[in-house]
Amino acid sequence: MPYIAQVEEMNKRFQAEKGYAPKYIILTYGCQMNEHDSETLAGMLEKMGYEKALAENEADLILLNTCCIREKAESKVLSHLGELRKLKKDKPWLIIGVCGCMTQQKDIVETIRHAASYVQLIFGTYNMHHLPEYLAQILSDDSNCYNIFAKEEEIVEGLPAKREYPFKALVNIIYGCNNFCTYCIVPYVRGRERSRSIANIVSEVEALVHDGVKEITLLGQNVNSYGKDLKDGTNFAKLIAEIEKVRGLKRVRYMTSHPKDFSDELIEVLKKSQKVPHYLHLPVQSGSSRILKRMNRGYSKEDYLELIRKIKEALPDIAITTDIIVGFPGETEEDFQETLDLVRKVEFDNAFSFVYSKRPGTPAAVMEDNVSAEEKKERLARLNALLAEFSHKKNQAYLGKTEEVLVEGLSKNNAETLMGRTKSNKTVIFSGDEALIGKFIPVKITEAQSWILKGEVAL
Ligand code: 5AD
Ligand code: SF4
């Protein structure tokens, strides 16, 4: 890639002049898809001679990889851009860039330019791989570079990635989404479904394992749609079965699943699997069939409950988590009660709950919304109380058991302790040597709180 070499050359000159290699920092908002994109952006930057900065005020390039799933995510980005004004003033050569989902929305470039005229670089989700070209331009003439592609292109394979963890990795299997749930902005900012070939995915997984990776998470907005666009009979169940065969790989996770596409064939593959933990994130969004219809989810409350029944029958020890939106336009107290009822019936291990946020350009944005903000907040509180009850109950069942835990690092709240995850994706905190990071170890659970488990190493 000539642009990579060009920027690398310019960065060498920077280093000769300033006495240090230029530093970058990427601030990532939103989901694992964005986290993975940030790893790719970091990989490209390091190829061009940038080094990772530990803090924003150390950086010569700051990239905000943004999210727009809810209004709050967007306002966070805009307010953070405001805070960066001073850094730019103190360091005139600092390049501030904005990329990711938010940039794909209509008029957003204008909004950003208006709110923060010192943002020099804006690019979208479809042209991320052009970053070297954009940097080459900015570094040669100090111009602004705003470049958003209106449509997705072919998948670009083989981009470098600077992974956050040496022992676990995120692997994209499908980009985009065709579902158009009426509340959701994703199909408009990530484009139509595009699956990678099984051959490309498997060879990436093999290379990761060769590099020391033990656990992978397969990523897609709807992993169950995997392969539909390839039109060669490939599907998610077959992909999992192929990935299972990669020697040296220990755990295979995946997210996110869509209830309407969760096949019996997949349940069979999961049942036989030695490497896919019995854990499933299956967003339900609402327990009211009427609201589910207005959301365009493609299943009813009964369909969801029947799917859960089948999955639990095949995998009795499975941990199930979900996403729920409260206060969708037109949601009545009765609809909300249906959601609480579904939560009671499924007994989720955990859930992400959100108040509906209006996204301009989506079909729900023009639906009449007569539920007050207060009512929505109050429903969220009631839902969360119920979710906490079940999470607490589910976690109690782990007391005294010894779980296989992948040690991920130091605990965020207490650097004296380690943090890891069980097969069922539960967070466990325990004391132990830092040398255990990256290893699978047995941990005996000694305390079960609503959201975390505590334990001791049982080696
Ligand atoms: N408002 C609130 N929550 C939303 N989600 C997606 N769009 C919206 C919205 N407009 C939630 C869904 C999805 C999760 C990633 O974010 O629950 O599963
Ligand atoms: Fe959004 Fe629905 Fe697609 Fe998920 S499946 S990304 S909620 S449109």
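Modeller: Start with the second largest cavity, which holds about 30 Å³ of space. This is a predicted model, where local features need pLDDT of at least 70, side-chain atom pairs count only at pLDDT 80 or more, and totals for chains, interfaces and linings use all residues. Residues are numbered from 1 along each chain as its sequence is written, and side-chain values use heavy atoms, with hydrogens and water left out.

Biologist: What is a cavity, and how is a volume defined?

Modeller: Rolling a probe the size of a water molecule over the atoms shows where empty space is left. On a 1 Å grid over the protein atoms alone, a cavity is a set of points where a 1.4 Å probe fits but cannot get out, and lining residues have an atom within 4 Å of a point. Points are joined across faces, edges and corners, and the volume is the space filled by probe spheres set on them.

Biologist: Which residues line the second largest cavity?

Modeller: Val-252, Arg-253, Tyr-254, Val-276, Pro-277 and Tyr-279. Strand β11 (residues 251-255) gives the largest share, three residues; strands (E, at least two residues) are DSSP runs, numbered from the N terminus. By class, five lining residues are nonpolar, none is polar and one is charged; Ala, Val, Leu, Ile, Met, Phe, Trp, Tyr, Cys and Pro count as nonpolar, Asp, Glu, Lys and Arg as charged, and the others, Gly among them, as polar.

Terms used:
Chains are lettered from A and ligands numbered from 1 in the order in which they are written. On a 1 Å grid over the protein atoms alone, a cavity is a set of points where a 1.4 Å probe fits but cannot get out, and a pocket is an open set with protein on both sides within 12 Å along at least five of seven lines; lining residues have an atom within 4 Å of a point. Helices (H or I, at least four residues) and strands (E, at least two) are DSSP runs, numbered from the N terminus.
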